[in-house]
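The structure comes first, and the notes follow by topic.

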Amino acid sequence: ACPRYVGRIIKGINNDALTPMWMLEKLRRCGLRPISPVVDVTNFVMMELGQPMHSFDFDKLEGGIRVRLAEAGEKLTLLDQSEVECRSDTLLIADHSKPLALAGIMGGLESSVHSGTSNIFLESAFFSPKEFAGKARSFAMHTDSSHRFERGVDPDLQLRAMHRATELLLQIVGGEAGSVIDVSDQAQMPSVAPVPLRYARIERLLGVDV
């Protein structure tokens with residue numbers, strides 16, 4: 001259900017930084033309200049490239065990141081302060097002791113970035129549309145992130161989005177970026193069929209020499 005997961009730690013961000021006006025205005029025109037510089041950057045990258053992202057308070061994580069299915073009855077308090085009870089087919093982003101987020105839908109409240117956060121863990125993942133379909137609706141939820149994953153996100157976009165978000169974050173909140181963690185299962189990634197073509201045919205159809 002998650003053939004690719006990309007992550008990066010950024011330490012020492014400036015909590016007093018403000019989202020620049022140009023980004024606030026672009027988000028406003030996309031119908032998104034500003035929240036904080038870190039969240040604003042991930043939302044901006046989602047609108048700019050089409051890749052949903054999420055950030056965690058790194059100091060709230062215990063052990064490493066695990067992308068796993070939930071245990072039936074496992075509970076998670078989300079960013080909107082609602083509590084969900086997971087089923088055994090619910091995909092979670094978790095650490096080694098607790099769930100952190102409903103994968104591709106909404107993050108958890110406990111590990112969310114807040115005014116006291118100084119170190120963050122940034123994620124950018126690819127979730128299989130087939131495995132993901134209907135998961136948000138089963139919790140009576142609809143988010144910008146879930147809409148995109150249900151319809152299919154470019155499986156080669158995660159690394160580009162990570163670098164773009166890192167670039168913007170370092171400009172706005174500063175900090176020191178760690179190395180990128182890129183884990184993928186190529187056997188589960190979508191295959192791309194080649195499209196044969198003849199350049200002469202393109203010129204004949206379009207009237208333009210490509």
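In helix α6, the residues Q158, A161, M162, A165, T166, L168, L169 and I172 are buried, where buried means under 20% relative accessible area with a 1.4 Å probe and protein chains only. This is a predicted model, in which local features need pLDDT of at least 70 and side-chain atom pairs count only at pLDDT 80 or more, while totals for chains, interfaces and linings use all residues. Residues are numbered from 1 along each chain as its sequence is written, and side-chain values use heavy atoms, with hydrogens and water left out.

**Helix α6**
- Helix α6 spans residues 158-172, and its 15 residues reach 21 Å from first to last C-alpha, close to the 21 Å expected at 1.5 Å a residue; the expected span is 1.5 Å times one less than the number of residues.
- The cover over its buried residues includes β1 (4-11), α1, α2, β9 (119-126) and β10 (176-177).
- Helices here are DSSP runs of H or I with at least four residues, and strands are runs of E with at least two, numbered from the N terminus.
- After α6 comes G174, with a positive phi near 70 degrees.

**α2 against α6**
- The axes of α2 and α6 lie 10 Å apart at an angle of about 140 degrees; axes are lines fitted to C-alpha atoms, for helices over the stretch in contact, and angles run from 0 to 180 degrees between N-to-C directions.
- That angle makes α2 oblique to α6, since angles under 35 degrees count as roughly parallel, over 145 as roughly antiparallel, 65 to 115 as roughly perpendicular and the rest as oblique.
- On the α2 side, P37, V38, V41, F44, V45, E48 and L49 meet R160, A161, R164, A165, L168, L169 and I172 of α6, with contact meaning heavy atoms within 4.5 Å.
- By class, the residues of this contact are 11 nonpolar, no polar and 3 charged; Ala, Val, Leu, Ile, Met, Phe, Trp, Tyr, Cys and Pro count as nonpolar, Asp, Glu, Lys and Arg as charged, and the others, Gly among them, as polar.

**α1 against α2**
- Helix α1 (residues 21-29) and helix α2 (residues 37-49) have axes that come within 10 Å and cross at roughly 55 degrees.
- The two helices are therefore oblique to each other.
- W22, M23, L24, K26 and L27 of α1 make the contact with D40, V41, N43 and F44 of α2.
- These residues divide into 6 nonpolar, 1 polar and 2 charged.

**R8**
- R8 sits in strand β1 and counts as buried at 11% relative accessibility.
- The C-alpha atoms of R8 and T166 are 8.7 Å apart, although 158 residues separate the pair in sequence.

Key
Buried < 20%, exposed > 50% of the residue type's maximum accessible area, 1.4 Å probe, protein only.
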